[in-house]
Amino acid sequence: MPQATKSQKEVTNSTNKKDTTTTQIIPQKKEPEVKKDGPGFKKAQLSFAKERLPEGDKKVAGKMKRILASFNHRHIQTNRLHQKAAEWFPVIEPILAFYGIPNDFKYVPLVESGLNAGVSAKGAAGFWQFMPGTARSYGLKVNSDIDERKNLRKSTIAACKYIKELHDIFGNWALVAAAYNVGDNHMKKQINRQNQKNYFKMKLNRETAGYVYKLISMKAIVENPVQYGFRAPRALLAYNAENERSERELN
């Protein structure tokens, strides 16, 4: 959370054409294979803000599969995340676009406050889980009478300002997401100490080390709810369908 000092079936389904003497195997045309790193999760989807997971890294692939598995319906046991996505995304997406922030950052509130609503033990609160001091520094009112961290539109604007500053520092969206979670000063220290600027190769605390993987997993269950055992509300299914149509038109 941000701090003031600163995230086939292979068709060898061979058709057996039998006559009275022999069995002739007529191979059918194979459909092109789609590489996957998890159930229903295409290789091309394993990215955050268009930054791909490292190819051929078994450690990264294994971690991605474990965290993705922990996000399935059997573990989360709720469809409320999809209801929140359908409600929040139409507000969040245009603000992200206005500030030039990748669309995948819309999953931050779902990870930050969607799974565990309320105020954290450290005092972070609201959709984007801002600390009081950080919230005030980005223009939000936080006092005994009002807490604009709980205003979706205003807190998203504040988050975009903060995220843009983080990108000016780190120049990489995965590192930006990690810094959003742990704080920019801590992230800078780890980069200097490890002489490493690839998030997926860094040694970080458990929460931050899994943060981008959680965002990717959240993206998976929102975009492919049925494949992960969820019954998405009609509003989300319509929203996803509209997004797919828009992407096809752009391409």
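Ring pairs link Trp128, Phe130, Tyr138, Tyr162 and Tyr180 into a cluster, where rings of Phe, Tyr and Trp (its six-membered ring) are taken to pair if their centres lie within 6.5 Å, and planes under 30 degrees apart count as stacked, over 60 as edge-to-face and the rest as tilted. The structure is a predicted model, in which local features need pLDDT of at least 70 and side-chain atom pairs count only at pLDDT 80 or more, while totals for chains, interfaces and linings use all residues. Residues are numbered from 1 along each chain as its sequence is written, and side-chain values use heavy atoms, with hydrogens and water left out.

The chain averages a pLDDT of 80, and 71% of the residues score at least 70, pLDDT being the predictor's confidence in each residue, from 0 to 100. Over residues 4-41 the pLDDT is below 50, although this stretch has 70 contacts in the model beyond near neighbours in sequence, a contact meaning heavy atoms within 4.5 Å. Where pLDDT is low, the predicted coordinates should not be read in detail.

The secondary structure of the chain comes to 11 helices and four strands; helices (H or I, at least four residues) and strands (E, at least two) are DSSP runs, numbered from the N terminus. Of the 251 residues of the chain, 45% count as buried, where buried means under 20% relative accessible area, exposed over 50%, and partly exposed in between (1.4 Å probe, protein chains only).

Leaving aside neighbours within four places in sequence, methionine 187 is in contact with Phe170, Leu175, Ala178, Ala179, Val182, Met202 and Leu204.

Helix α7 (residues 173-182) is largely enclosed by the rest of the structure, because 10 of its 10 residues are buried. At the start of α7, a side-chain oxygen of asparagine 172 reaches to within 3.1 Å of the backbone nitrogen of alanine 174, and just after the helix, glycine 183 takes a positive phi of about 105 degrees.

By the ring-centre rule, the count of aromatic pairs comes to 12. Tyrosine 162 and tyrosine 180 form a tilted pair, at 5.6 Å centre to centre and with 50 degrees between the planes. Tyrosine 162 lies in helix α6 and tyrosine 180 in helix α7, so the pair ties together parts that are 18 residues apart in sequence; both tyrosine 162 and tyrosine 180 are buried. Tyrosine 199 and phenylalanine 200, by contrast, form an edge-to-face pair, with 5.1 Å centre to centre and 80 degrees between the planes, and these two residues are likewise buried.

Two further positions can be described by their surroundings. Serine 217, which is placed in helix α10, is buried with a relative accessible area of 0%, and, not counting residues up to four places away in sequence, serine 217 touches Met64, Ile67, Leu68 and Phe71. Lysine 141 is placed in the loop between α5 (132-137) and α6 (152-170), where, with residues up to four places away again not counted, lysine 141 touches Ile146, Asp147 and Glu148.

Key. Polar contact = N/O pair within 3.5 Å; in protein donor to acceptor, adjacent residues only side chain to side chain.
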